[in-house]
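Good morning, colleagues. Please look at the structure on the screen while I take you through one part of its fold.

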Amino acid sequence: MAAPRFPFDDLQGFLGALERAGELHRVTTPVDPTLEISEIVTRTVRAKGPALLFEKPTRGMMPLAINIFGSDRRMAMALGVQDFDEIGARIGELAKPELPQGFSGMMDGLGKIMQLKSLPPKKVRSAPCQEVVLKGDEVDLNMLPGLVMWPGDGGIYHNYGLTHTKHPETGKRNLGLYRLQQHSHNSVGMHWQIHKDSTAHHAVAERRGERLPVAIAFGADPVVSYSASAPLPGDIDEYLFAGFLRGERVELVDCLTVPLQVPATANVILEGWVEPGERLPEGPFGDHTGFYTPVEPFPVLHVECMTMRRDPIYHSIITSKPPQEDGPIGLATERIFLPLIKILVPDIVDYHMPEAGVFHNCLVVAINKRYPKHAQKVMSAVWGAHLLSLTKLIVVVDDDCDPRDLQEVAFRAFGNVDYAHDLVLTQGPVDHLDHASYQQFWGGKAGVDATRKLPTEGYTRGWPEEMRMAPEIVAKVDKRWKEYGFPENPSRKGGGK
């Protein structure tokens, strides 16, 4: 599979491409980052509108780019593909375990190796992100147009800061995306959720009585920005993954005051330290769940150095109940990681995370059912698969059902289920932000077997045949549709293809 066609070196290049494609709107009048920008963005997302560049936020000293990933088209442009499944196919090819056979097999294997050569990041000596350097008393986070998104928010938040840490003992790097509450002109709260890798890094540092170095990048190139959100296993470097997506190595530069590296073409970098044992109240925060998360104690980053480009652009995102900009990001993740999910759970033919389920609340899984209680086996496997373990509801359907066709999924989940036999109830870990669980971090889960039932599962009535129109009649009506005097031939989706 070919590498991406349009990797962008920086955020500015991506915004330029969006503008040329008619996918960017510039807001040239002054706009308040407290609530006003949030309301504008929310309306724009719901209207399926363009990316936005607020040129004159009334807080901060730089423009603010937002909703840049807010449509499937823009998300695909960011990753340099026409369809997210192109990336999934590349991953699937690399994941194939077969040994090469013959000359063509050797050449195919060589092609895979050449793809892998593009993965490791490349260190550079100087970088645009360090054109301006502010240290000590010069640091002022009020230079950034951070957002207050909802009336009950606890303060200014920075929502797309790419947070860099490393394991104090192994040196393993982590790149994560966590919300950052601005506590003062030079400190932010680190909302490290319990299941995240940076939380583990911080825990080790505290156990050793050491402060933890942290670097945060704003306005990186779109592939790096996406990679920070990707649900990668802890032993896979996000910059290796970004290099794979880009088809070329990501350039990193050493920070000036902490032993970390950051993307060279980012717009703004914060460098600092988290002191062991220090916590400050963080929140409330209007999150993607659609509810405010409560005030909790979280670690604090003391920013000692702030670097930026000469003409920086700040990048952020709005969180709210769906639809919101993170919907297309979630769809990209779903399609990109399908081949790896199939390796973890080979029974899965396809799957879908409905946007209304805000990632962790619902998963629809299609399987080729082969034996009794096959659906229940898949549920157990999903609840043991990395971050899919946080899924609260799993609906399993047969492989002739498209998991993304939620009307068809609902038809089967509502009609194909005897809840005395086909409903699985259990308990397990849930997302840190889950407000419905009676205990934080764990709660109840359900699995719904919406597949056709087998005699060997105790269903002895003989599963009925679903109604399907005769194919020749469908073809006949398609051919004669204009003769009937209708303006358009409606889709024959579902109900008898």
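In this predicted model, four strands form an open sheet in the order 1-2-3-20, and their pairing is mixed. Which strands stand at the edges? They are strand 1, residues 24-27, and strand 20, residues 314-315. Each has a single partner strand, so one side of each is left without a neighbour in the sheet.

Let us consider the pairing of strand 1. Its partner in the parallel sense is strand 2, residues 51-54, and the two are joined over 4 bridges. Within this pairing, Val27 stands opposite Phe54 of strand 2. As a general point, strands of a sheet pair through backbone hydrogen bonds, either parallel or antiparallel.

I turn now to the helix that accompanies the sheet. Helix 1, residues 11-20, lies across strands 1, 2, 3 and 20, where strand 3 covers residues 64-66. Relative to strand 1, helix 1 runs at about 105°.

What does Leu15 contact beyond its neighbours within four places in sequence? The residues are Leu24, Leu53, Ala65, Ile68 and Ile313. Leu15 is also among the residues with the most contacts inside the largest nonpolar core, a set of 77 residues; others in that group include Ile68, Leu79 and Tyr226. A second, separate core comprises 38 residues, among them Ile66, Val188, Trp192 and Leu301. In soluble globular proteins, nonpolar side chains tend to be buried together.

Finally, the annotation. An unreviewed UniProt entry places the domain "3-octaprenyl-4-hydroxybenzoate carboxy-lyase-like N-terminal" at residues 16-90. Over residues 16-90, the chain is 40% helix and 15% strand, with the end C-alpha atoms 27 Å apart.

Methods
Residues are numbered from 1 along each chain as its sequence is written. This is a predicted model: local features need pLDDT of at least 70, side-chain atom pairs count only at pLDDT 80 or more; totals for chains, interfaces and linings use all residues. Side-chain values use heavy atoms; hydrogens and water are left out. UniProt positions are given in the numbering used here, feature names are shortened, and annotations may be inferred rather than shown by experiment. A nonpolar core is a set of buried Ala, Val, Leu, Ile, Met, Phe, Trp, Tyr and Cys residues joined through side-chain atoms within 4.5 Å. Buried means under 20% relative accessible area, exposed over 50%, partly exposed in between (1.4 Å probe, protein chains only). Contact means heavy atoms within 4.5 Å. Two strands pair if DSSP finds at least two bridges between them. Axes are lines fitted to C-alpha atoms, for helices over the stretch in contact, and angles run from 0 to 180 degrees between N-to-C directions.
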